[in-house]
Protein chains: 2
Amino acid sequence: MPDFSIGVDLGGTNLRIAAISTEGQLLEKIALGVKVALGRDHVIGEMCDAIHRLIDQYREGGRFIGAGIGVPGIIDMETGMMRKSANLPGWAEYPVRDEIERRLGARVFLENDANAAALGEKWLGAARDVDNMAMITLGTGIGGAIILNGKIFYGMNGMAGEFGHVTIEPNGAPCGCGNHGCAERYASATAVVRMAREAIETGHAPALAKIASSDAEFSAKSIYNLAIQGNEDAQRIYHRFGVSLGMLMADLVNILNLDMFVIGGGVVSAWDAFAPPMFAELRERSLVYAATAPEDPVGKKEGASAQIANYTRRKTIITRALLGSDAGLYGAARIPASS
Amino acid sequence: MPDFSIGVDLGGTNLRIAAISTEGQLLEKIALGVKVALGRDHVIGEMCDAIHRLIDQYREGGRFIGAGIGVPGIIDMETGMMRKSANLPGWAEYPVRDEIERRLGARVFLENDANAAALGEKWLGAARDVDNMAMITLGTGIGGAIILNGKIFYGMNGMAGEFGHVTIEPNGAPCGCGNHGCAERYASATAVVRMAREAIETGHAPALAKIASSDAEFSAKSIYNLAIQGNEDAQRIYHRFGVSLGMLMADLVNILNLDMFVIGGGVVSAWDAFAPPMFAELRERSLVYAATAPEDPVGKKEGASAQIANYTRRKTIITRALLGSDAGLYGAARIPASS
């Protein structure tokens, strides 16, 4: 039996915990129906109980080497505190890492959730063979992470990778960050539902209106289901999503010129609805992508690609995450083994 | 007398060559009135003649350690060829480095001009004490460079740092790169002149029309001179310049979270006309800047800054280049000493 670590994915609504071997084998995964809304102390208690159960179960077979916890917020790596988290009110400026370390009696690492997902895809997913990549997670908002030379690039104080707040529409929808027209206002689960509600308000989107009134959970997923059934209003929303994401990707490719960009998060399951307009926009807008693109996965396009020779054998790979929603769990579990 | 190297700044219109000691002292600078339009072979001949003269003059005092040449284009670092250069037609796919090395009988390094400027500012300018920074050069277009851990970050194939082609206006002016609304269409010398001509065409910008018809060189500089004399049409152009540059800077700060961003290039001399709207826009649009900004150099602003606590002692410094138009010369001369 192998050595193992614990990976935790703490979201705004869900808490998942896994025991994963140091070779990357999932030993056991627990999805706790914990109400994050019940507050910090309650969640930390439930989390530590579950971790203890997993440790007790697998420690006979191998050594427990520590726990990594992915959280939706900006982490102060020195103090192990969250500086700010829109989705976890009450967690900022609290010694999260130290408190969990105290309860477990083991090394604990706190990491931003997008960074954890990037580490997971780098370890066992799409970016296994790549040392320089970025991860874009499409969920409630847009998360971002940059990996250089195999390690997370944190920037000056851990805030590198705020891709969701790159401006896509200068006079666009206001964002909680203080900006207008941020990418995550157009290419996230929240954005899909907002755009659907706006379409319903026009009175000309009857199918959307119908599922909005009947579907208990009117969500990016139910709107995607409508799109793949051929509903044009739903398709238009995912087209706009793809165009907006393509604009963000063009900026990222032009600025970073990385080997690979991995797109993950829950909404990536709508890939076939948003990827074609995303690639088309990216190819039009990024000279770096046009010069390094693989054969266009959605057919030849005019524009930048026609004007700039594809002069390098190295290609910019843009692909969906392989580990799906487990990327963050695997990545979090990887941290104790690599630290 | 010290050891020395040669730095060359080869632009689309000018060629400058300097002998610089390994301690960073300028020994001699030659500005050649060479017509770059006369072609590659002519320019390389003049350049090598001047370099030989400088070597002969200073080699008695110290060892000549090589030459660095900053060029406006994308370099293939392995072959020493330019892949593409809008401003130097006929230079692409020619073994520039090897040919100059052959003529000089010494080590020669080719480098992108924005990268050279960044190396200069890192060595002797604004970024002396900073290991992670980006350089933005405002000239005919916008050049960009990223330095991480004290070294140029090239990306996958030398194309990292294409800041000038970040989208600022999704439906904006077409750019030669194939995109629309690129930053350099709004915040470069070319953009200033274009915006001035557009203002003249409205028939409501008499002072601009007057200098356009009388000034032998209707330029960003002459329009700046009009702005500081109080002409509102010229001020509006630099305001638009500053807002656009602020949008680009907000994206860069959100994505990269670097310690310092140095703004250089010829148009940086118009700093006092464009910096106030640039900082205002940046503060509104970048949550990362709002959280890490020093005291606002242009006065307190509402917006993101009012909502997000300034919770770190490390500040994002955005400043103008200290070496002015010599940054690229110094940076190019630095390369042989650090390679």
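1. A salt bridge is a side-chain nitrogen of Lys or Arg within 4 Å of a carboxyl oxygen of Asp or Glu. By this criterion, a search of the whole structure finds 32 salt bridges over all chains. The model is a predicted one, and the points below consider first how the two chains are arranged and then selected residues.

2. The relation between the chains deserves attention at the outset. In general, two copies of a chain are related by a rotation about an axis and a shift along it. Here, chain B is superposed on chain A by a rotation of 180° with 0.0 Å of shift along the axis, and the RMSD is 0.0 Å. This is the relation of a two-fold axis. Of the interface residues of chain B, 100% are also interface residues in chain A, so the copies meet through the same surface.

3. The extent of the interface may be stated as follows. Chain B contributes 50 residues to the contact and chain A contributes 50 residues. Between them the two chains bury about 4100 Å², and 60% of this area is on carbon and sulfur atoms. The interface includes 24 residue pairs in polar contact, with both residues at pLDDT 80 or more. The number of salt bridges between chain B and chain A, however, is 0.

4. Which elements of chain B give two or more residues to the side that touches chain A? They are strand S6 (81–84), strand S9 (142–148), helix H7 (232–256), helix H8 (271–285), helix H9 (287–292) and helix H10 (304–307) of chain B. H7(B) gives the most to this side, with 6 residues. Sorted by class, the side of chain B that touches chain A has 24 nonpolar, 16 polar and 10 charged residues.

5. Several salt bridges within single chains may be examined in turn. Side chains of opposite charge can pair when their charged atoms come close. In chain A, the side chains of A:Arg40 and A:Asp41 meet in a salt bridge, with an N to O distance of 3.3 Å. A:Arg40 has a relative accessibility of 23% and counts as partly exposed. A:Asp41, at 47% relative accessibility, also counts as partly exposed.

6. A second pair in chain A lies within one helix. A:Arg236 and A:Asp233 form a salt bridge through their side chains, at 2.7 Å from N to O. These two residues are 3 residues apart in helix H7 (residues 232–256) of chain A, so about one helical turn separates them. A:Asp233 counts as buried because its relative accessibility is 15%, which falls under the 20% limit for that class.

7. How does a salt bridge in chain B tie together parts that are 71 residues apart in sequence? The pair in question is B:Arg240 and B:Glu169, whose closest N and O atoms are 3.3 Å apart. B:Arg240 lies in helix H7 of chain B, whereas B:Glu169 lies in the loop between strand S10 (151–152) and H4 of chain B, so the bridge links two separate parts of the chain. B:Arg240 is partly exposed, with a relative accessible area of 30%, and B:Glu169 is partly exposed at 23%. Elsewhere, salt bridges that share partners join A:Asp9, A:Arg16, A:Lys29 and A:Asp326 into one network.

8. B:Arg194 is situated in helix H4 (residues 189–201) of chain B. Is this residue buried or exposed? B:Arg194 is buried, with a relative accessible area of 18%. Its side chain makes a polar contact of 2.8 Å with the side chain of B:Glu198. Apart from neighbours within four places in sequence, B:Arg194 is in contact with B:Ala173, B:Arg185 and B:Tyr186.

9. When residues up to four places away in sequence are not counted, A:Glu46 touches A:Leu32 and A:Val34. A:Glu46 and A:Val34 are 12 residues apart in sequence, and their C-alpha atoms are 7.5 Å apart in space.

10. The other residue is A:Tyr58, also in helix H1 of chain A. A:Tyr58 counts as buried, at 11% relative accessibility. Its side chain is joined to that of A:Glu28 by a polar contact of 2.8 Å. Along the chain, A:Tyr58 and A:Pro2 are 56 residues apart, while 9.0 Å separates their C-alpha atoms.

Key:
Residues are numbered from 1 along each chain as its sequence is written. Chains are lettered from A and ligands numbered from 1 in the order in which they are written. This is a predicted model: local features need pLDDT of at least 70, side-chain atom pairs count only at pLDDT 80 or more; totals for chains, interfaces and linings use all residues. Side-chain values use heavy atoms; hydrogens and water are left out. Contact means heavy atoms within 4.5 Å. Buried area is the accessible area (1.4 Å probe) that two parts lose on being put together, summed over both. A polar contact is a pair of N or O atoms within 3.5 Å; within protein, one must be able to donate a hydrogen and the other to accept it, and residues adjacent in sequence count only if both atoms are side-chain atoms. Helices (H or I, at least four residues) and strands (E, at least two) are DSSP runs, numbered from the N terminus. Ala, Val, Leu, Ile, Met, Phe, Trp, Tyr, Cys and Pro count as nonpolar, Asp, Glu, Lys and Arg as charged, and the others, Gly among them, as polar. Buried means under 20% relative accessible area, exposed over 50%, partly exposed in between (1.4 Å probe, protein chains only). Copies are superposed by least squares on the C-alpha atoms of residues with pLDDT of at least 70 in both.
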